[in-house]
Amino acid sequence: MDSTTLAALAFEVLGEKALAVTIDSPLFPRQQLETAAQTACEIGIQHKILPFSLTSVLFANTINRCYFCKKPFLRLFWSSRKKPGSMSCLKEQMLLK
């Protein structure tokens, strides 16, 4: 399922309780990050951008690298849920420019 569709459905069902999360990594194209922020604004869903580096995992390039990438990301995601601070669309767009 496309992440935009999932975010729209989550917002439709959960309303203000819904949250879209985007990883900000050196490996993630800046244009896609800007598009994710703009799309979240258009949907109306809260959006949080989490800085995340995958470089140490990728350089190892082991057979179970997906596990090693997802485990720290999920740890970051779960810990960020406890902290307030999803950004408003205007603030987010200013930071991305």
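Modeller: Let's start with a term: helices (H or I, at least four residues) and strands (E, at least two) are DSSP runs, numbered from the N terminus. What you're looking at is a predicted model, so local features need pLDDT of at least 70 and side-chain atom pairs count only at pLDDT 80 or more, while totals for chains, interfaces and linings use all residues. Residues are numbered from 1 along each chain as its sequence is written, and side-chain values use heavy atoms, with hydrogens and water left out.

Colleague: What share of the residues score at least 70 in pLDDT?

Modeller: pLDDT is the predictor's confidence in each residue, from 0 to 100. Over residues 90–95 the score stays under 50. The chain average is 78, and the share of residues at 70 or above is 71%.

Colleague: How many contacts beyond four places in sequence does the model have for residues 90–95?

Modeller: A contact means heavy atoms within 4.5 Å. For that stretch, where pLDDT is under 50, the count beyond four places in sequence is 7.

Colleague: And what part of the contacts with a separation of 6 or more is between residues 24 or more positions apart?

Modeller: Take His 47 and Val 21 as a pair to picture: they sit 26 residues apart in sequence, yet their C-alpha atoms are 5.8 Å apart in space. Across the chain, among contacts with a separation of 6 or more, the part from residues 24 or more positions apart is 72%.

Colleague: Is His 47 buried or exposed?

Modeller: Find His 47 in strand β2. Its relative accessible area is 3%, and buried means under 20%, exposed over 50%, partly exposed in between (1.4 Å probe, protein chains only). So His 47 is buried.

Colleague: How about Leu 19, and what is the separation of its C-alpha atom from that of His 47?

Modeller: Leu 19 belongs to strand β1 and is partly exposed, at 38% relative accessible area. Leu 19 and His 47 are 28 residues apart along the chain, but their C-alpha atoms are separated by 5.7 Å.

Colleague: Which residues make up the largest nonpolar core?

Modeller: Buried residues make up 24% of the 97 residues in the chain. A nonpolar core is a set of buried Ala, Val, Leu, Ile, Met, Phe, Trp, Tyr and Cys residues joined through side-chain atoms within 4.5 Å. Ala 20 also touches Ile 45, Gln 46, His 47 and Lys 48, leaving aside its neighbours within four places in sequence. The largest core has 5 members: Ala 7, Ala 18, Ala 20, Ala 40 and Ile 45.

Colleague: Last one: how far apart in space are Ser 53 and Ser 25, C-alpha to C-alpha?

Modeller: Look in the loop between β2 (46–51) and α3 (55–60) for Ser 53, which is partly exposed at 47% relative accessible area. Along the sequence Ser 53 and Ser 25 are 28 residues apart, and in space their C-alpha distance is 5.4 Å.
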